[in-house]
Amino acid sequence: MALSGVTAQATAPIDTLERIEKTATLRVGYGDTAPFSYLDNQGQVVGYSIDICRRLAEQLKVNLGLSSLEIAYVPRTPSNRVQLLNHGDIDIECNASTNTVERRRSALFALSHYFVNVRYVALRESGFKTLEDLAGQSVSVARGTVNVGQVNQVNREQRLHLSVVPVDTLQEAFDLVTDGRVAAFAMDDILLSAMIAESDSPDAYVLSTEPLTESQPLGFMMRLGDDAFAEQVNKALHTIYTSPDMESIYDRWFHQPLPGKGITLNVPMSEALADQLSNP
(Lines give C-alpha, C1' and ligand atoms only; values in the text may rest on other atoms or scores of the structure.)
Protein backbone atom coordinates (compact mmCIF):
# COMPACT_ATOMS: atom_id res chain seq x y z
CA MET A 1 0.00 0.00 0.00
CA ALA A 2 2.85 2.35 0.82
CA LEU A 3 4.50 1.67 -2.54
CA SER A 4 1.18 2.21 -4.28
CA GLY A 5 0.81 5.58 -2.59
CA VAL A 6 4.27 6.70 -3.69
CA THR A 7 3.53 5.72 -7.29
CA ALA A 8 0.25 7.60 -7.28
CA GLN A 9 1.95 10.71 -5.94
CA ALA A 10 4.75 10.50 -8.52
CA THR A 11 2.27 10.27 -11.41
CA ALA A 12 -0.21 12.86 -10.11
CA PRO A 13 -1.15 15.34 -12.87
CA ILE A 14 0.55 18.73 -12.80
CA ASP A 15 -1.72 21.78 -12.73
CA THR A 16 0.42 24.17 -14.75
CA LEU A 17 -1.75 27.23 -14.15
CA GLU A 18 -1.64 26.68 -10.41
CA ARG A 19 2.13 26.21 -10.49
CA ILE A 20 2.60 29.32 -12.63
CA GLU A 21 0.61 31.39 -10.16
CA LYS A 22 2.72 30.09 -7.26
CA THR A 23 6.14 30.34 -8.91
CA ALA A 24 5.61 33.17 -11.43
CA THR A 25 7.67 31.04 -13.82
CA LEU A 26 6.91 29.42 -17.16
CA ARG A 27 9.22 26.50 -18.00
CA VAL A 28 9.98 26.59 -21.73
CA GLY A 29 11.71 23.79 -23.63
CA TYR A 30 14.00 24.78 -26.52
CA GLY A 31 16.18 22.93 -29.01
CA ASP A 32 19.05 23.28 -31.45
CA THR A 33 16.88 23.84 -34.50
CA ALA A 34 17.35 27.21 -36.18
CA PRO A 35 15.36 29.26 -37.00
CA PHE A 36 12.84 28.02 -34.41
CA SER A 37 14.96 27.82 -31.24
CA TYR A 38 18.72 27.74 -30.62
CA LEU A 39 21.57 29.43 -28.72
CA ASP A 40 23.20 32.48 -30.32
CA ASN A 41 26.86 33.48 -29.96
CA GLN A 42 26.17 35.00 -26.54
CA GLY A 43 24.50 31.84 -25.27
CA GLN A 44 21.05 33.43 -25.39
CA VAL A 45 18.01 31.35 -26.39
CA VAL A 46 16.61 32.86 -29.59
CA GLY A 47 14.42 31.94 -32.54
CA TYR A 48 11.06 32.33 -34.26
CA SER A 49 9.34 30.03 -31.76
CA ILE A 50 11.09 31.75 -28.84
CA ASP A 51 9.93 35.21 -29.97
CA ILE A 52 6.36 33.92 -30.05
CA CYS A 53 6.71 32.27 -26.64
CA ARG A 54 8.12 35.43 -25.08
CA ARG A 55 4.99 37.22 -26.22
CA LEU A 56 2.98 34.26 -25.00
CA ALA A 57 4.39 34.72 -21.49
CA GLU A 58 3.56 38.43 -21.60
CA GLN A 59 0.00 37.71 -22.74
CA LEU A 60 -0.49 34.97 -20.13
CA LYS A 61 0.62 37.41 -17.43
CA VAL A 62 -2.06 39.84 -18.53
CA ASN A 63 -4.79 37.24 -19.03
CA LEU A 64 -4.11 35.53 -15.69
CA GLY A 65 -3.76 38.79 -13.76
CA LEU A 66 -0.20 38.04 -12.61
CA SER A 67 2.18 40.75 -11.41
CA SER A 68 5.12 38.98 -13.09
CA LEU A 69 5.89 35.89 -15.15
CA GLU A 70 9.47 34.87 -15.85
CA ILE A 71 10.67 32.29 -18.38
CA ALA A 72 13.00 29.45 -17.37
CA TYR A 73 14.58 27.91 -20.48
CA VAL A 74 15.26 24.16 -20.46
CA PRO A 75 17.14 22.37 -23.27
CA ARG A 76 15.34 19.42 -24.82
CA THR A 77 16.03 16.88 -27.54
CA PRO A 78 13.69 15.09 -29.98
CA SER A 79 13.94 11.95 -27.86
CA ASN A 80 13.28 13.42 -24.38
CA ARG A 81 10.78 16.25 -25.00
CA VAL A 82 7.64 14.31 -24.04
CA GLN A 83 9.40 12.88 -20.98
CA LEU A 84 10.38 16.39 -19.84
CA LEU A 85 6.77 17.52 -20.27
CA ASN A 86 5.38 14.58 -18.30
CA HIS A 87 7.89 15.01 -15.49
CA GLY A 88 7.15 18.72 -15.19
CA ASP A 89 10.63 19.87 -16.22
CA ILE A 90 8.99 21.97 -18.94
CA ASP A 91 5.46 23.35 -19.27
CA ILE A 92 5.56 23.97 -23.00
CA GLU A 93 7.95 23.06 -25.79
CA CYS A 94 8.63 26.17 -27.87
CA ASN A 95 10.28 24.67 -30.89
CA ALA A 96 8.95 22.94 -34.02
CA SER A 97 7.18 19.65 -33.30
CA THR A 98 4.96 18.16 -36.00
CA ASN A 99 1.32 17.92 -34.95
CA THR A 100 0.19 14.40 -35.93
CA VAL A 101 -2.51 12.00 -34.77
CA GLU A 102 0.16 9.76 -33.24
CA ARG A 103 1.79 12.65 -31.36
CA ARG A 104 -1.54 13.79 -29.95
CA ARG A 105 -1.76 10.52 -28.05
CA SER A 106 1.11 11.70 -25.83
CA ALA A 107 0.89 15.52 -25.86
CA LEU A 108 -1.41 18.50 -26.42
CA PHE A 109 -0.64 20.90 -29.26
CA ALA A 110 -1.09 24.65 -29.39
CA LEU A 111 -2.37 26.53 -32.44
CA SER A 112 0.10 25.94 -35.28
CA HIS A 113 2.86 28.47 -35.94
CA TYR A 114 4.43 26.95 -39.08
CA PHE A 115 3.84 24.37 -41.83
CA VAL A 116 6.43 22.06 -43.38
CA ASN A 117 6.98 19.35 -45.95
CA VAL A 118 9.35 16.49 -45.22
CA ARG A 119 12.09 16.13 -47.83
CA TYR A 120 15.57 14.64 -47.87
CA VAL A 121 18.99 16.18 -48.30
CA ALA A 122 21.67 14.44 -50.36
CA LEU A 123 25.06 15.30 -51.81
CA ARG A 124 24.60 17.11 -55.12
CA GLU A 125 27.09 14.80 -56.81
CA SER A 126 24.81 11.83 -56.13
CA GLY A 127 22.13 13.17 -58.45
CA PHE A 128 19.36 12.08 -56.05
CA LYS A 129 16.20 14.18 -56.27
CA THR A 130 13.17 11.85 -56.12
CA LEU A 131 12.07 9.03 -53.85
CA GLU A 132 12.73 6.49 -56.60
CA ASP A 133 16.32 7.70 -56.75
CA LEU A 134 16.80 6.42 -53.20
CA ALA A 135 15.79 2.83 -53.97
CA GLY A 136 18.19 0.46 -52.23
CA GLN A 137 20.01 3.32 -50.47
CA SER A 138 20.50 4.22 -46.79
CA VAL A 139 18.66 7.13 -45.14
CA SER A 140 19.40 8.68 -41.75
CA VAL A 141 16.67 9.91 -39.39
CA ALA A 142 16.71 11.46 -35.92
CA ARG A 143 15.27 9.37 -33.09
CA GLY A 144 12.15 10.80 -31.48
CA THR A 145 10.97 12.53 -34.67
CA VAL A 146 7.93 11.58 -36.73
CA ASN A 147 10.28 11.24 -39.70
CA VAL A 148 11.24 7.74 -38.54
CA GLY A 149 7.70 6.47 -39.12
CA GLN A 150 7.27 8.55 -42.28
CA VAL A 151 10.37 7.09 -43.92
CA ASN A 152 9.37 3.57 -42.91
CA GLN A 153 5.89 4.11 -44.35
CA VAL A 154 7.21 5.42 -47.68
CA ASN A 155 9.69 2.55 -47.73
CA ARG A 156 6.88 -0.01 -47.38
CA GLU A 157 4.39 1.63 -49.71
CA GLN A 158 6.84 2.23 -52.55
CA ARG A 159 9.01 -0.85 -51.90
CA LEU A 160 12.20 1.19 -51.93
CA HIS A 161 14.23 -1.33 -49.89
CA LEU A 162 15.79 1.49 -47.88
CA SER A 163 18.18 0.95 -45.01
CA VAL A 164 16.94 3.34 -42.29
CA VAL A 165 19.68 4.57 -39.93
CA PRO A 166 18.38 6.20 -36.69
CA VAL A 167 20.73 8.52 -34.77
CA ASP A 168 20.36 10.76 -31.73
CA THR A 169 20.63 14.28 -33.17
CA LEU A 170 19.81 16.19 -36.34
CA GLN A 171 23.44 17.21 -36.78
CA GLU A 172 24.63 13.63 -36.54
CA ALA A 173 22.10 12.61 -39.20
CA PHE A 174 23.28 15.45 -41.46
CA ASP A 175 26.95 14.60 -40.90
CA LEU A 176 26.34 11.03 -42.08
CA VAL A 177 25.36 12.49 -45.47
CA THR A 178 28.41 14.78 -45.49
CA ASP A 179 30.73 11.84 -44.79
CA GLY A 180 29.08 9.68 -47.43
CA ARG A 181 28.00 7.08 -44.87
CA VAL A 182 24.32 7.39 -45.89
CA ALA A 183 22.75 8.55 -49.13
CA ALA A 184 20.24 10.96 -47.59
CA PHE A 185 18.79 12.48 -44.42
CA ALA A 186 15.00 12.97 -44.15
CA MET A 187 13.65 15.90 -42.12
CA ASP A 188 11.45 19.00 -42.27
CA ASP A 189 12.43 21.04 -45.31
CA ILE A 190 12.93 24.33 -43.46
CA LEU A 191 15.32 22.71 -40.95
CA LEU A 192 17.28 21.06 -43.75
CA SER A 193 17.51 24.39 -45.57
CA ALA A 194 19.00 26.00 -42.46
CA MET A 195 21.49 23.16 -41.96
CA ILE A 196 22.58 23.32 -45.60
CA ALA A 197 23.04 27.10 -45.44
CA GLU A 198 25.09 26.78 -42.25
CA SER A 199 27.34 24.00 -43.58
CA ASP A 200 30.90 24.57 -44.81
CA SER A 201 29.89 23.91 -48.43
CA PRO A 202 26.21 24.69 -49.07
CA ASP A 203 26.57 24.07 -52.80
CA ALA A 204 27.57 20.47 -52.10
CA TYR A 205 24.01 19.58 -51.01
CA VAL A 206 20.61 19.44 -52.65
CA LEU A 207 17.07 19.03 -51.32
CA SER A 208 14.80 16.46 -52.93
CA THR A 209 12.34 17.86 -55.43
CA GLU A 210 9.77 15.28 -54.31
CA PRO A 211 8.46 15.55 -50.74
CA LEU A 212 7.89 12.52 -48.52
CA THR A 213 4.74 14.07 -47.04
CA GLU A 214 2.06 16.63 -47.68
CA SER A 215 2.18 19.95 -45.80
CA GLN A 216 2.12 19.35 -42.05
CA PRO A 217 1.50 21.76 -39.13
CA LEU A 218 4.04 22.49 -36.40
CA GLY A 219 2.94 23.44 -32.89
CA PHE A 220 4.07 23.94 -29.31
CA MET A 221 3.60 20.80 -27.21
CA MET A 222 2.04 20.76 -23.72
CA ARG A 223 1.28 18.03 -21.20
CA LEU A 224 -1.53 15.66 -22.06
CA GLY A 225 -4.50 16.34 -19.78
CA ASP A 226 -3.39 19.91 -18.99
CA ASP A 227 -6.47 21.27 -20.74
CA ALA A 228 -6.92 24.45 -18.69
CA PHE A 229 -3.36 25.57 -19.45
CA ALA A 230 -3.73 24.67 -23.13
CA GLU A 231 -6.90 26.74 -23.32
CA GLN A 232 -5.10 29.77 -21.89
CA VAL A 233 -2.15 29.23 -24.25
CA ASN A 234 -4.39 29.10 -27.31
CA LYS A 235 -6.32 32.16 -26.13
CA ALA A 236 -3.05 34.07 -25.84
CA LEU A 237 -1.72 32.77 -29.18
CA HIS A 238 -4.92 33.82 -30.92
CA THR A 239 -4.25 37.38 -29.77
CA ILE A 240 -0.59 37.18 -30.84
CA TYR A 241 -1.19 35.57 -34.24
CA THR A 242 -3.80 38.10 -35.27
CA SER A 243 -1.70 41.08 -34.17
CA PRO A 244 0.33 43.22 -36.60
CA ASP A 245 3.51 42.02 -34.83
CA MET A 246 3.39 38.58 -36.46
CA GLU A 247 4.51 39.88 -39.85
CA SER A 248 7.62 41.47 -38.34
CA ILE A 249 8.33 38.35 -36.23
CA TYR A 250 8.23 36.18 -39.34
CA ASP A 251 10.33 38.67 -41.32
CA ARG A 252 13.02 38.71 -38.61
CA TRP A 253 13.60 34.95 -38.75
CA PHE A 254 12.94 34.08 -42.39
CA HIS A 255 14.05 37.18 -44.32
CA GLN A 256 16.88 38.60 -42.20
CA PRO A 257 20.26 37.15 -41.10
CA LEU A 258 19.87 34.66 -38.25
CA PRO A 259 21.66 35.90 -35.11
CA GLY A 260 24.85 33.96 -34.54
CA LYS A 261 24.48 32.00 -37.79
CA GLY A 262 25.47 34.41 -40.56
CA ILE A 263 22.86 32.99 -42.91
CA THR A 264 19.56 34.26 -44.33
CA LEU A 265 16.87 31.73 -45.27
CA ASN A 266 14.76 33.96 -47.56
CA VAL A 267 11.69 31.75 -47.20
CA PRO A 268 8.39 33.48 -48.03
CA MET A 269 5.39 32.83 -45.81
CA SER A 270 3.34 29.91 -47.10
CA GLU A 271 -0.32 30.29 -47.96
CA ALA A 272 -1.17 27.74 -45.24
CA LEU A 273 0.60 29.80 -42.59
CA ALA A 274 -0.89 33.08 -43.79
CA ASP A 275 -4.37 31.54 -43.55
CA GLN A 276 -3.62 30.17 -40.08
CA LEU A 277 -2.39 33.49 -38.71
CA SER A 278 -5.34 35.41 -40.11
CA ASN A 279 -7.84 32.90 -38.70
CA PRO A 280 -6.19 30.76 -36.00
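Is the crossing of α3 and α9 left-handed or right-handed? The crossing is right-handed, that is, the near helix is turned clockwise from the far one by less than a right angle. Before going on: this is a predicted model, where local features need pLDDT of at least 70, side-chain atom pairs count only at pLDDT 80 or more, and totals for chains, interfaces and linings use all residues. Residues are numbered from 1 along each chain as its sequence is written, and side-chain values use heavy atoms, with hydrogens and water left out.

**Stop one: the helix pair.** Select residues 48-64 for α3 and 245-254 for α9: they pack at an angle of about 150°, axes 9 Å apart. That makes α3 roughly antiparallel to α9 (the angle is over 145 degrees). Now show side chains: Y48, D51, I52 and R55 of α3 meet D245, M246, I249, Y250, R252, W253 and F254 of α9, contact being heavy atoms within 4.5 Å. Seven of these residues are nonpolar, four are charged and none is polar.

**Stop two: N155.** Jump to helix α5, residues 147-158, and pick N155. N155 counts as buried because its relative accessibility is 15% (the cut-off is under 20%, with a 1.4 Å probe and protein chains only). A polar atom of its side chain sits 2.9 Å from the backbone nitrogen of L162. Leaving aside residues up to four places away in sequence, N155 touches L160, H161 and L162.

**Stop three: G180.** Finish in the loop between α6 (170-178) and β11 (184-188), where you'll find G180. G180 is exposed at 52% relative accessible area (exposed means over 50%).

Notes. Axes fitted to C-alpha atoms, helices over the stretch in contact; angles between N-to-C directions. Helix = DSSP H or I, 4+ residues; strand = E, 2+ residues; numbered from the N terminus. Parallel < 35°, antiparallel > 145°, perpendicular 65-115°, else oblique. Nonpolar A, V, L, I, M, F, W, Y, C, P; charged D, E, K, R; others polar. Polar contact = N/O pair within 3.5 Å; in protein donor to acceptor, adjacent residues only side chain to side chain.
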